[in-house]
Amino acid sequence: METNAPTIGVPGESFPGETRIALVPQCIPMLRRSGLEVIVERDAGEAAGYPDEIFVEHGATIASRDEVFAAAIILQVRTLGANPVAGRDDLERLRAGQVVVGLGEPLTAGRELAELAARGTTVFGMELVPRIARAQSMDVLSSQSTVAGYKAVLLAAVRLPKLFPMLTTAAGTVAPARVFVIGAGVAGLQAIATARRLGAMVEAYDVRPAAQEEVESLGAKLVPLPLQPGDAEDASGYAKELGEAFYVRQQEHLTATVAGVDVVISNAAIPGARAPILLTDAGVDAMAHGSVVVDLAAARGGNCELTVPDETVVAHGVTILGPTNLPATAPFHASQLYARNLTNFVCTLLVRDGRLDPAWDDAVLTATLVARDGRVVHPKVLQQLEEVLT
């Protein structure tokens, strides 16, 4: 691996509809103070609202894609695993000893990550950052979920044939909309806060009893269901599967719960697995005509039985939205948050004294390491790859 002063390369994103960029101009001074030079592909930040001249003003060099991929460290929003078609065009640009940092669907894209490993690159999957206090500033899933939760409520507000707030007018009183949020993680909490700001009555459900305090602190009510999920989180702080019998009982109770609400926003996802079905066809049928479902788990198959990723479905008079990349609809701030995560990761764990010198003994770094020295090394990615190949 290279040990001289490294260069950061930031290519434009090639995944269809991806408008974010992995680094914003405001993060460049921090990287330069760590002894790094930054090269950004021409027009890479245009769609996110960051033109080339702002990058130059902050100390970056604008260059061609080939020149960017000559850098020691490549920062991307979507590496090959999360961009399996267009991303393959960049494989020949990679060389042994380079470091690739970004989102790569490591728990589901074993084949693509094996291809990256075969190029001799060292790959870090930012989805694998453990949810511990020390790593919060690097947690890209949380930062991007914040954007997704906010935008989900706006989508619902536009589609719902009602107003969100209660209004008292000379023509009468308008009752507030009722919003039900399934999953009180980062996206769910942001959805609760946004819906409350718009004036809706908000309720939420989460399998974790500990979520009650967070939900209530935002002015919403946690709806208790008579279920005992047991341990709903793994050691890294992410949700884990709870078993088919539990999900069946959960579906039955949620069908009764959603009958009186106007909007359902669901965001229950399990890393590396299909999202659990929480809202069945019968549950959608129980909702009032004109109601809206925004399924933030659509990229993992969806929490609603009727969800179709990236499409709008109308069933039983209910509109069901399945967006898979809401952060890309607010790319300016989504990129800003993502870039800060990556900058903290690089400056804290990859570079020391102006040299590429990864802290291999650091638990956060090893948790995110997917490939090194020509092979996949992450245990969960290896397991997934073996299952695909057998």
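In which helix does glutamine 336 lie? Glutamine 336 lies in helix H10, where helices (H or I, at least four residues) and strands (E, at least two) are DSSP runs numbered from the N terminus. The model is predicted, so local features need pLDDT of at least 70 and side-chain atom pairs count only at pLDDT 80 or more, while totals for chains, interfaces and linings use all residues. Residues are numbered from 1 along each chain as its sequence is written, and side-chain values use heavy atoms, with hydrogens and water left out.

**Helix H10**

- Glutamine 336 counts as buried because its relative accessibility is 18%; buried means under 20% relative accessible area, exposed over 50%, and partly exposed in between (1.4 Å probe, protein chains only).
- Leaving aside residues up to four places away in sequence, glutamine 336 touches Val24 and Tyr50, a contact being heavy atoms within 4.5 Å.
- Helix H10 also holds proline 331, which is buried with a relative accessible area of 13%.
- With residues up to four places away in sequence not counted, proline 331 touches Thr19, Arg20, Ala47 and Ala48.
- Proline 331 and glutamate 18 are 313 residues apart in sequence, yet their C-alpha atoms are 8.7 Å apart in space.

**Nonpolar cores**

- A nonpolar core is a set of buried Ala, Val, Leu, Ile, Met, Phe, Trp, Tyr and Cys residues joined through side-chain atoms within 4.5 Å.
- The largest such core has 44 residues, and Ile73, Val101 and Leu350 are those with the most contacts inside it.
- Two or more residues each are given to this core by strand S1 (7-10), helix H1 (28-33), strand S2 (37-41), strand S4 (73-78), strand S5 (99-103), helix H10 (331-350) and helix H11 (363-368).
- H10 supplies the largest share of this core, eight residues.
- A second, separate core has 29 residues, including Val153, Leu160, Ala211 and Leu296.
- Valine 101 touches, among others, Ile73, Phe124, Met126, Leu342, Phe345 and Leu350, not counting residues up to four places away in sequence.

**The eight-stranded sheet**

- Eight strands form an open sheet of mixed pairing, in the order S3-S2-S1-S4-S5-S6-S18-S19; two strands pair if DSSP finds at least two bridges between them.
- The edge strands, S3 (61-63) and S19 (375-376), each pair on one side only.
- S5 pairs with strand S6 (residues 122-125) in the parallel sense over four bridges.
- Between these strands, threonine 122 in S6 is the bridge partner of valine 99, and valine 100 stands opposite valine 123 in S6.
- In a regular strand the side chains alternate between the two faces of the sheet.
- Both faces of S6 are covered, with Thr122 and Phe124 buried on one side and Val123 and Gly125 buried on the other.
- S6 and strand S18 (residues 369-372) pair in the antiparallel sense over two bridges, and alanine 371 in S18 is the bridge partner of valine 123.
- S18 and S19 are also antiparallel, pairing over two bridges, with arginine 372 opposite arginine 375 in S19.
- These two strands form a hairpin with two residues between them, and aspartate 373 in the turn has a positive phi of about 55 degrees.

**The seven-stranded sheet**

- Seven strands form an open sheet in the order S11-S10-S9-S12-S13-S15-S14, again with mixed pairing.
- Strand S11 (221-222) and strand S14 (312-315) stand at the edges with a single partner strand each, so one side of each has no neighbour in the sheet.
- Strand S12 (residues 263-266) and strand S13 (residues 292-295) pair in the parallel sense over four bridges, and valine 294 in S13 is the bridge partner of isoleucine 265.

**Cavities**

- The structure holds two cavities of 30 Å³ or more; on a 1 Å grid over the protein atoms alone, a cavity is a set of points where a 1.4 Å probe fits but cannot get out, and lining residues have an atom within 4 Å of a point.
- Grid points are joined across faces, edges and corners, and a volume is the space filled by probe spheres set on the points.
- The largest cavity holds about 90 Å³ of space.
- Its lining has 13 residues, of which Gln76, Thr79, Leu80, Gly87 and Asp90 are the closest to its centre.
- The second largest cavity holds about 30 Å³ of space and is lined by Leu160, Pro161, Lys162, Asp262, Ala288, His289, Gly290 and Ser291.

Notes. On a 1 Å grid over the protein atoms alone, a cavity is a set of points where a 1.4 Å probe fits but cannot get out, and a pocket is an open set with protein on both sides within 12 Å along at least five of seven lines; lining residues have an atom within 4 Å of a point.
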